[in-house]
There are 2 protein chains.
Amino acid sequence: MSIRIGIMGYGNLGRGIECAIRQNADMELAAVFTRRDPKDVHILTEGVKVYPAEAAADLRDEIDVLMLCGGSATDLPAQTPEYAKLFHVVDSFDTHARIPEHFAGVDAAAKESGHVALISVGWDPGLFSLNRLYANAILPEGSDYTFWGKGVSQGHSDAIRRVPGVKNAKQYTIPVDKALEAVRNGENPVLSTREKHIRECFVVAEEGADLKRIEQEIVTMPNYFADYDTTVHFISEEEFLRDHSAIPHGGFVIRSGQTGWEGENKHIIEYSLKLDSNPEFTASVLVAYARAAARLAAEGQSGCKTVFDIAPAYLSSKSGEELRKQLL
Amino acid sequence: MSIRIGIMGYGNLGRGIECAIRQNADMELAAVFTRRDPKDVHILTEGVKVYPAEAAADLRDEIDVLMLCGGSATDLPAQTPEYAKLFHVVDSFDTHARIPEHFAGVDAAAKESGHVALISVGWDPGLFSLNRLYANAILPEGSDYTFWGKGVSQGHSDAIRRVPGVKNAKQYTIPVDKALEAVRNGENPVLSTREKHIRECFVVAEEGADLKRIEQEIVTMPNYFADYDTTVHFISEEEFLRDHSAIPHGGFVIRSGQTGWEGENKHIIEYSLKLDSNPEFTASVLVAYARAAARLAAEGQSGCKTVFDIAPAYLSSKSGEELRKQLL
C-alpha cells in the first residue's frame with residue numbers, strides 16, 4: 001500500500017514535494033492544504049483536491065504523513081507542534097540556533113499524541129548535518145568547514161529589495177576558491193567571513209534611481225554585506241528575468257582530520273551539492289524522510305526525531321536484502 | 001564507563017584501531033589477539049597485553065566489542081560467525097559480491113547467541129555505501145558513479161609482484177579527470193572501464209631482468225590490467241622505499257539526478273575521500289561503529305547489521321541534545 005502524503009502550504013517547497021512524490025512509486029499525494037483560497041491554488045496532480053488549511057483535521061484518516069511547508073520564522077514554530085497532535089509530520093525548520101527549543105515543543109506534542117515528528121529535514125540542516133556528524137565521529141581530531149553556494153540567498157535578495165530605488169534583486173553566495181583549495185589541501189586554515197564567501201548581486205533599479213547610492217547602501221549594509229566582498233551589477237528587467245529566475249544552490253561540508261599514533265596521517269572527507277533547484281532538492285529530501293516517518297510510525301514509535309536518529313535504510317523503498325546486494 | 005575494545009589480528013588495520021581508540025576518550029583497548037607468537041607482536045599501548053587468538057574466549061568478560069581484522073578472502077567468512085557467538089563484533093568484510101552470504105551466516109550466529117555483529121564497515125563498503133543509499137533515496141531518478149583513487153591497490157600490487165623478475169611493486173589506481181568532470185557536469189556519461197580509471201605501476205626489477213618483458217606481462221595481464229591504460233615505471237629500490245611506502249587511497253561517489261514535474265532540474269551529490277592512510281582511516285570508521293555496536297547491545301538488540309541499519313547518532317560520543325545543538 002502506498003504512503004499517503006498531505007502537503008500543508010503550496011509554495012515552491014510544496015510544489016517540489018508534489019513533484020518528488022511522482023518519482024516514488026510507493027507514495028501518493030492525498031491532499032494539499034492552503035491558507036489561500038483553494039480556488040486560487042492550481043496543483044499539478046490530476047484528481048487530487050486542494051483544501052483550506054482548517055480542513056486538515058477532518059482528513060486525518062486519509063493521510064499517513066503531513067509535510068509542513070511553512071517558513072521557519074513564524075509558521076513552523078506554531079504549526080509543527082500543532083499538527084504533530086494530529087499527524088505524523090515532517091518539517092524543514094532551518095533556524096539552527098532555535099532547533100533545541102523547536103525540538104522540545106514538537107517532542108512534547110508528538111509523544112503525548114503518539115505521533116512521529118521529523119524536524120529540520122533538508123540539506124542544511126539535514127544532509128550537511130549528517131555529514132558533519134559522520135565525519136566528526138570518524139575523525140575526532142580535525143576541523144570542520146562548511147561553504148555555501150554558488151547559490152541564491154533568499155534573505156539577502158530580500159534585503160537588497162528593501163533598498164529605495166531597487167525594483168528587483170537576486171544575490172548569489174559564492175565560496176572563495178582559494179579558501180576551498182586550502183581546506184582541501186589539509187592546511188586547516190582559520191578563515192574570516194570575508195575569506196570564505198563572496199556575494200554577487202544582480203539589481204534592477206527603478207528608472208532614474210541613483211545607482212551609486214544604491215550600490216553604496218548594499219555593500220555597506222551591516223550583517224548582510226559589510227563583512228563580505230560584494231559586487232553589484234545593475235541589469236535590465238529583461239536580463240533579470242532571462243538569466244536570474246532559477247533558484248540554484250549548493251555547498252560543501254569538509255572535515256580535515258588526522259589519524260595515527262601521533263596524528264601523522266591526514267584525511268579529507270568532502271561532501272558537496274550542486275543543485276539547480278534548491279526547493280525541489282529540499283523537497284526530495286523531505287519525501288525520503290516521509291517514508292522513514294511512516295515506517296517508524298508503523299513500528300509504534302513516537303516523538304520528535306531528526307536526521308541523526310534515522311537509520312539510513314528507512315529512507316529507501318528497497319528491502320534490507322536488496323540494499324545489501326545492490327548498494328553496500 | 002569506557003567501551004572496552006579487543007583487537008583480533010594486529011596488522012595495519014589492527015594497529016590503526018589501536019591508534020583510533022587513543023583518539024576517543026570513551027574507549028579503551030582491553031586486549032590484542034594474534035595468531036603469531038604473542039612475544040613477536042609489539043603494540044603501542046602501554047599496559048595492554050597481547051594474547052594468542054585461542055585465549056579470546058577466556059577474556060569474554062573483559063571485552064565489550066571485538067574488532068575482527070582478518071582478510072575477507074578466507075579469515076572473516078569463518079571468524080565473524082565464530083566470534084559472533086561469543087562477542088559483539090565489528091568486521092570490514094569487503095568482498096561486495098559475497099556480502100549477502102556473509103550476512104546470513106553471521107546473522108544466524110549473532111541472533112542465536114544474542115550478540116550484535118556489524119559487518120562490512122569501512123569506506124567501501126561503508127561510507128561509500130551510505131552515500132549511495134542516501135543519494136538514491138533522495139534522487140530516485142539518476143545515475144550512480146563510483147571512482148577510486150588516487151590510491152594503492154593491494155591486489156594489483158600483489159599481482160605485479162608475482163611477475164618473474166619483479167622484486168617489489170606498487171600500483172596506483174587513478175580516476176580519469178575527464179570522466180570525473182563529465183559526471184560533475186551532469187552529462188550522465190556511459191563510461192567504459194578504460195575511461196574511468198588509469199593504472200600506474202612502480203616496479204623494482206631484479207638485477208638483469210628483461211624490463212621490456214616485465215612491462216609487457218603487466219600491461220596485458222587479464223582482469224588486472226588488460227582493460228586499462230597502464231603505465232609502468234621502473235625505479236630503484238631506494239626510490240621505492242623513499243616515495244612509495246605509504247598506503248594512500250580515496251575516491252568519489254557521485255549521484256547525478258533530476259527533479260521537477262518533467263525532470264527539468266539537475267542535481268549533483270558528491271562525496272569524496274582523500275586519505276593518507278587507507279588502513280588507519282578504515283580503522284577509524286570501525287571504531288566509530290564499535291561505539292554503535294556497544295550501544296545497540298546495551299539496548300538488548302542482536303543479529304547482524306550493516307551501516308545501513310545504524311542511526312547516525314549512535315556513532316557519536318555526544319548526546320542527542322549536544323548533537324542537535326552543535327552539528328544539526
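Visitor: Is B:Glu270 buried or exposed?

Guide: This is a predicted model, in which local features need pLDDT of at least 70 and side-chain atom pairs count only at pLDDT 80 or more, while totals for chains, interfaces and linings use all residues. Residues are numbered from 1 along each chain as its sequence is written, chains are lettered from A and ligands numbered from 1 in the order in which they are written, and side-chain values use heavy atoms, with hydrogens and water left out. B:Glu270 is found in strand β13 of chain B, where strands (E, at least two residues) and helices (H or I, at least four) are DSSP runs numbered from the N terminus. Its relative accessible area is 9%, and since buried means under 20%, exposed over 50% and partly exposed in between (1.4 Å probe, protein chains only), B:Glu270 is buried.

Visitor: Which side chain makes a polar contact with that of B:Glu270?

Guide: Taking contact as heavy atoms within 4.5 Å, and not counting residues up to four places away in sequence, B:Glu270 touches residues of both chains, among them A:Glu270, A:Tyr271, B:Arg184 and B:Phe252. A polar contact is a pair of N or O atoms within 3.5 Å; within protein, one must be able to donate a hydrogen and the other to accept it, and residues adjacent in sequence count only if both atoms are side-chain atoms. At 2.8 Å, the side chain joined to that of B:Glu270 is the one of B:Arg184.

Visitor: How do β13(A) and strand β13 of chain B pair, and over how many bridges?

Guide: Two strands pair if DSSP finds at least two bridges between them. Within this pairing, A:Ile269 stands opposite B:Leu273 in β13(B). The two strands run in the antiparallel sense, and the number of bridges is nine.

Visitor: How many salt bridges does the rule find across the interface of chain A and chain B?

Guide: The interface joins 70 residues of chain A with 70 residues of chain B, and the area buried between them is about 6,300 Å², of which carbon and sulfur atoms give 62%; this is the accessible area (1.4 Å probe) that two parts lose on being put together, summed over both. The rule finds 29 residue pairs in polar contact across it, both residues being at pLDDT 80 or more. A salt bridge, however, needs a side-chain nitrogen of Lys or Arg within 4 Å of a carboxyl oxygen of Asp or Glu, and across this interface the count is zero.

Visitor: How many residues apart in sequence are the parts that A:Asp75 and A:Arg35 tie together?

Guide: A:Asp75 forms a salt bridge with A:Arg35, the closest N and O atoms being 3.2 Å apart. A:Asp75 lies in helix α2 and A:Arg35 in the loop between β2 and β3 of chain A, so the parts tied together are separated in sequence by 40 residues.

Visitor: Which residue makes a polar contact with the side chain of A:His244?

Guide: A:His244 lies in the loop between α9 and β12 of chain A, and with a relative accessible area of 9% A:His244 is buried. Not counting residues up to four places away in sequence, A:His244 touches several residues, including A:Lys170, A:Phe202 and A:Glu239. The polar contact, at 2.7 Å, is with the side chain of A:Tyr172.
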